[in-house]
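This briefing describes a protein structure, topic by topic. Please keep the sequence and the coordinates at hand while reading.

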Amino acid sequence: MNISATARRSHGKARRAGDSSAVEAGGRAGFVARGVIYVLVGVLALRIAFGESGSGEKQADRGGALAEIAQKPFGSVLLWVLGVALAGMALWRLSEAAFGAAGPDGRKATKRLASAGRAVFYTFVSYSVLMFAAGDRGSGSGSGDSQSKDVTAQVLGMSGGRWLVGAAGAVIAGAGLWIAGRAALRKFHKHLRMGEMSPAERRAVDITGVFGGISRGLVFAVAGGFAVAAAVKARSGEAKGMDDTLRSFATTPAGPWLLALIAVGLMAFGLFSWANARRRKI
């Protein structure tokens, strides 16, 4: 009996820790940091679309965004802030995995598993940003395209590697379509305190959430498609990171205008992330 009561008290304390203001602040700071990165990636992609001088040497991905920040006054300080904020996002997602997310279905096993996956992802991103801030310029700033090709080549060299690469590409493509579909259907409404918004703010959230979410989803879907192509052709060079994926939009019949549209969409997703920092149910 005493053991059971002690266990319940311990769980209650852990649950309150998961609901603490520090965890909430970490989650909101993480949304701000994510927004900064997506806005910068969008700006870099927009420069590439319009052929700005020197843009060919820029990487329109997270590494390129970090390099861009590092060049600014107080850039090193901002990198540390971003890294810590992303660690806060990882901590919040971990608390969701352990205790459940906000909302009536937040304690479902699938929701917790998804939160655990996001916690791992943001832990990795936070680590790469902090290492970059500490002076390891090879961490977080390397070409995502080269890394994608290297990893794909290693997996293709394994027994059954083509199937593994193809399956991973299909999952990424499916996730991209899922992200775009949920954005189009405004599924993000249930995660936000929409009732506290003014009509103008609600319209802005809908525009950035739909446009930004669809653009982000399309980038993931196309990147997944390239991975599937790499598996089918057994050529690692077919795989592309975010930078090459974005540049591929400029090779369509729509030319650089499609890339520009996607770039603005990624910037919109950054703005939507900032709206989440304020209005997200945490």
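Is F269 buried or exposed? F269 counts as buried, because its relative accessibility is 5%, below the 20% cut-off for that class. The model discussed here is a predicted one. The protein chain has ten helices and zero strands, and 43% of its 282 residues count as buried.

**Overall architecture**

- Read along the sequence, the protein chain follows the pattern α-α-α-α-α-α-α-α-α-α.
- Among the contacts in the protein chain with a separation of 6 or more, 75% are accounted for by residues 24 or more positions apart.
- The protein chain exposes about 14,300 Å², and carbon and sulfur atoms supply 66% of that area.

**Aromatic pairs and a charge over a ring**

- The count of aromatic pairs comes to six.
- One of these pairs is formed by Y38 and F269, with an edge-to-face arrangement, 4.9 Å from centre to centre and 70° between the planes.
- Y38 lies in helix α2 (residues 21–49) and F269 in helix α10 (residues 256–279), so the pair ties together parts that are 231 residues apart in sequence.
- Y38 is buried, with a relative accessible area of 12%, and F269 counts as buried at 5%.
- Y38 and F269 also belong to one aromatic cluster, together with F188 and F272.
- K240 lies over the face of F226, at 5.0 Å from the ring centre.

**Salt bridges**

- A search of the whole structure finds 13 salt bridges.
- R93 forms a salt bridge with E96, and the closest N and O atoms are 2.9 Å apart.
- Both R93 and E96 lie in helix α4, where three residues, about one turn of the helix, separate them.
- R93 counts as buried at 7% relative accessibility, and E96 counts as buried at 5%.
- The side chains of D206 and R186 meet in a salt bridge with an N to O distance of 3.7 Å.
- D206 belongs to helix α8 (residues 199–233), while R186 is in the loop between α7 (161–184) and α8, so this pair ties together parts that are 20 residues apart in sequence.
- D206 counts as buried at 14% relative accessibility, whereas R186 is partly exposed, with a relative accessible area of 38%.
- R235 forms a salt bridge with E238, the closest N and O atoms being 2.7 Å apart.
- R235 is partly exposed at 44% relative accessible area, whereas E238 is buried at 17%.

**Nonpolar surface patch**

- F74, V77, L78 and V81 form a nonpolar patch on the surface, and together they have about 420 Å² of accessible area.
- V81, one of the patch residues, is found in helix α4 (residues 75–99).

- Q154 has its place in helix α6 (residues 144–156).
- Q154 is exposed, with a relative accessible area of 57%.
- Q154 and S236 are 82 residues apart in sequence, and their C-alpha atoms are 8.7 Å apart in space.
- A101 has its place in the loop between α4 and α5 (109–133).
- A101 and S115 are 14 residues apart in sequence, with a C-alpha to C-alpha distance of 8.3 Å.
- Leaving aside neighbours within four places in sequence, A101 is in contact with E96 and G106.
- E96, a contact of A101, is also the salt-bridge partner of R93.

Key. Residues numbered from 1 in each chain as written. Predicted model: local features only at pLDDT ≥ 70, side-chain atom pairs only at ≥ 80, totals over all residues. Heavy atoms only, no water. Patch = residues over 30% accessible without salt bridge, like charges linked within 9 Å, V, L, I, M, F, W, Y side chains within 5 Å. Areas by Shrake-Rupley, 256 points an atom, 1.4 Å probe, with all protein chains shown as cover. Salt bridge = Lys/Arg side-chain N within 4 Å of Asp/Glu carboxyl O. Helix = DSSP H or I, 4+ residues; strand = E, 2+ residues; numbered from the N terminus. Buried < 20%, exposed > 50% of the residue type's maximum accessible area, 1.4 Å probe, protein only. Contact = heavy atoms within 4.5 Å. Phe/Tyr/Trp six-rings, centres within 6.5 Å; stacked < 30°, edge-to-face > 60°. Lys NZ or Arg CZ within 6 Å of the ring centre and 35° of its normal.
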